[in-house]
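Hi there,

Here is the structure I promised to pass on to you. Please open it first, and then read my notes beside it.

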Amino acid sequence: MFAENETPPRLAALADPPLKGRDHSRTWPARLVVLVPYVWLIVFFLLPFVIVVKISLSQTAMAQPPYIPVLDLAGWEGLKNFFSELTFENYVLLFTDSLYLTSYLRSLEIAAVSTLLLLLLGFPIAYGIARAPRRWQAVLVILVMLPFWTSFLIRVYAWINILQREGLLNDALLMLGIVQQPLVWLATDAAIYIGIVYSYLPFMVLPIYATLEKMDESLLEAAADLGSPPWKAFWLVTVPLALPGIAAGALLCFIPTVGEFVIPDLLGGSEQMMIGQTLWTEFFTNRDWPVASALAVVLLCLLIGPIMIYQHMQTRQLEGAR
Amino acid sequence: MAEAISSKRPKNGGGLSETARDAAARPLVRFEAVTKRFSGFAAVDRLSLDIHEGEFFALLGPSGCGKTTLLRMLAGFETPDEGRILLDGEDISGVPPYRRPVNMMFQSYALFPHLTVEGNVAFGLRQDGLPKDEIAARVKEVLALVRLEGLEKRKPHQLSGGQRQRVALARCLVKRPRVLLLDEPLAALDRRLREDTRFELMDLQSKLGLTFVIVTHDQEEAMSVADRIGVMNQGWLAQVGTPPEIYEQPISRWVAQFVGDVNLIEGRILSVGGDGALIESAGAGRLRVKQKTQAKPGDTVWVALRPEKLRMSREPPALAEENSLAGQVLDIGYLGDISIYKVRTDKGLVMKAATANMTRLIERPITWDDRVWLSWTPEAGVVLTQ
């Protein structure tokens, strides 16, 4: 093809391919970009968490800060003293005092029941939106998310107004004749459930909607064609295909609800406390930072299971999409 | 246009209109003046049609002609606004799809992604409440029929396109429906796979003796697989007949033009007699067509001639001056096996003639701007009055 004295094309260029073909993640600019969120997470999440763990191993003291030992990086002696004063007694307290155990169990129970209620309410809503005419779906989704545009705290306060003795709920019930006397709503478990379900509904609706919306409608027609009446097709086709969305929504609601503070504090009673309230009390009322920290660490350990399951599901879904 | 690569061998040994034999028998499916409207627009307009048991029927038509709507009404996904649909003599217009002995193979296959091949195929049988071992036996049987053995445990996303289609087919076949509906089954396949699948479908249909109704916009597909074709246009049937009937004896210009290429010559009837019809046309002189026609002298008619029926030569034809024209080659389209010649006749009419490429391109006897003679026999044309 080439004459004897012609130089062949620069084959050297082929040996070192242009950036386009290479794996981007290996280059140093890419690593630099990834480093930024890493550093951010380390400084603002990992480091504070390590501090909390450290405080949970400390003892209370009437001092500023209200615990000993305080980390003293001056000299090896100081460091040795530091580690010798760390103790596990806070954790022992947690497991022996029934107050804390009850609090954990109550939180798990409320979270579980709330998640169930959220599922029962959220699935029909998500299903309704998915089956609505296309041009309405975006509007409906925005309506579901609209409350998020206002302050969470203010919305919970609004519920106090609605649930109080002379509040809107009792007014409505009296007007409809369902009850003769106004009921007590505030400071009951029912109020907590109402508050949680109201606040977390979008977290249940949106993942389920996302999954349902992707479902091919002809699948339901195929099910009908093969002899399945609509209600059966729902259980045999729609629900199995919606399961990833349901699981995602359930975990997305369950995990934060366990540690809820504002809702049980404002709407619930004070005899039985959820773990969020217990933690707050230890921290602010009793000024027992170590115990509070221990409560937080144990809470995280409790939730590691569900969090990892959620992560695993999300990764699998991303891979499946590829 | 080249004729279909393989034409359907008639089951009972021949004869153009097999249905004449069955005319006395009650049709399996009957549409009675069925109308279906969407937002005021009639997708299907007072359509009546009979489909017989054991036949492979094709609904052919351009996009939007209503053929898919008709199919969906037969499946039960749409209800007719007017008219009735009868299956085995019973009115099924109001019967929901899950109670009809009719199954549909969807264009997108609609396989259940969360079930295995086995699960998909067994789905319909489970709805019928059959005992477990019978289900297993029938699933196995039908998977062998569509040659999918060994793939039972796979999920749809682990299958190729052709395999998915066979699962969709198996899912319907296993239920042994009275009518199997196929919605553009070959549209997504490449040419080679399309031909192979065509043969498979025809084979299955005759082997199992089922009634198939296929919807397609591909006339070659319809002509090669179907026993009878219903050509649809804007919600009504333009013509119903066997493939040769549709192709060689279209009843309207629209059908003639839709199914294959055609030359239409407008003219006036001079006389009608035992020798056929004599037509005077401005563009082509005097034409004789030896076909039965309802037209009377003085009527305006069109003579439909298929390009492959025209003989093209450099010398004038030896026979009489009827049915021959002189002209000049305007353009040539090379299609490999045939060439299509556009010829402008001396009277100004542009005609298309198709001839097989008997010699190699380089040896082609007729080329651009050549003077040629087109001629055809009186039997080659059809007189159209509409």
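In what order do the strands of the open sheet of 6 strands in chain B run, and what is the pairing? The order is S6-S7-S8-S3-S9-S10, and the pairing is mixed. Before I go on, a word on how to read the notes. This is a predicted model, in which local features need pLDDT of at least 70 and side-chain atom pairs count only at pLDDT 80 or more, while totals for chains, interfaces and linings use all residues. Residues are numbered from 1 along each chain as its sequence is written, and chains are lettered from A and ligands numbered from 1 in the order in which they are written.

**Confidence**

The model scores ipTM 0.81 and pTM 0.78. In chain B the mean pLDDT (the predictor's confidence in each residue, from 0 to 100) is 86, and 92% of the residues reach 70 or more. Residues 1-21 of chain B have pLDDT below 50, and this stretch has 29 contacts in the model beyond near neighbours in sequence. Two residues are in contact if their C-beta atoms, placed from the backbone, lie within 7 Å. Where pLDDT is low, the predicted coordinates should not be read in detail.

Helices (H or I, at least four residues) and strands (E, at least two) are DSSP runs, numbered from the N terminus, and two strands pair if DSSP finds at least two bridges between them. The edge strands are S6 (102-105) and S10 (236-241) of chain B, each of which pairs on one side only. From one strand to the next, the twist averages 20°; for such angles, axes are lines fitted to C-alpha atoms, for helices over the stretch in contact, and angles run from 0 to 180 degrees between N-to-C directions. Within this sheet, S3 (residues 56-60) and S8 (residues 211-216) of chain B pair in the parallel sense over 5 bridges, and B:Leu60 has B:Thr216 in S8(B) as its bridge partner. Helix H2 (residues 67-75) of chain B packs on the sheet and touches S3, S6, S7 (179-183), S8 and S9 (228-233) of chain B. The direction of H2(B) makes about 145° with that of S7(B).

Chain B also has a hairpin to look at. Strands S1 (residues 29-38) and S2 (residues 41-51) of chain B run antiparallel and are joined by 7 bridges. B:Val34 stands opposite B:Leu47 in S2(B). The hairpin has 2 residues between the strands, and B:Ser39 takes a positive phi near 45° in it.

Another open sheet of chain B has 5 strands in the order S13-S12-S11-S14-S20, with antiparallel pairing. S13 (285-289) and S20 (381-384) of chain B stand at the edges with a single partner strand each, so one side of each is left without a neighbour in the sheet. The twist here averages 40° from one strand to the next. S11 (residues 263-273) and S12 (residues 276-281) of chain B run antiparallel with 5 bridges between them; B:Ile269 has B:Ile279 in S12(B) as its bridge partner.

Chain B is divided into domain 1 (19-101 + 177-253) and domain 2 (261-384), with bounds that come from an automatic or database domain assignment. Their centres, taken over C-alpha atoms, are separated by 34 Å. Domain 1 of chain B gives 4 residues to the contact and domain 2 of chain B gives 5 residues.

**Chain A**

For chain A, the assignment gives domain 1 (29-85) and domain 2 (97-321). The contact takes 10 residues from domain 1 of chain A and 8 residues from domain 2 of chain A. On the domain 1 side, the largest share, 4 residues, comes from H2(A).

**Where chain A touches chain B**

This contact takes 14 residues from chain A and 17 residues from chain B. H10(A) gives the largest share of the chain A side, 6 residues.

Happy exploring!
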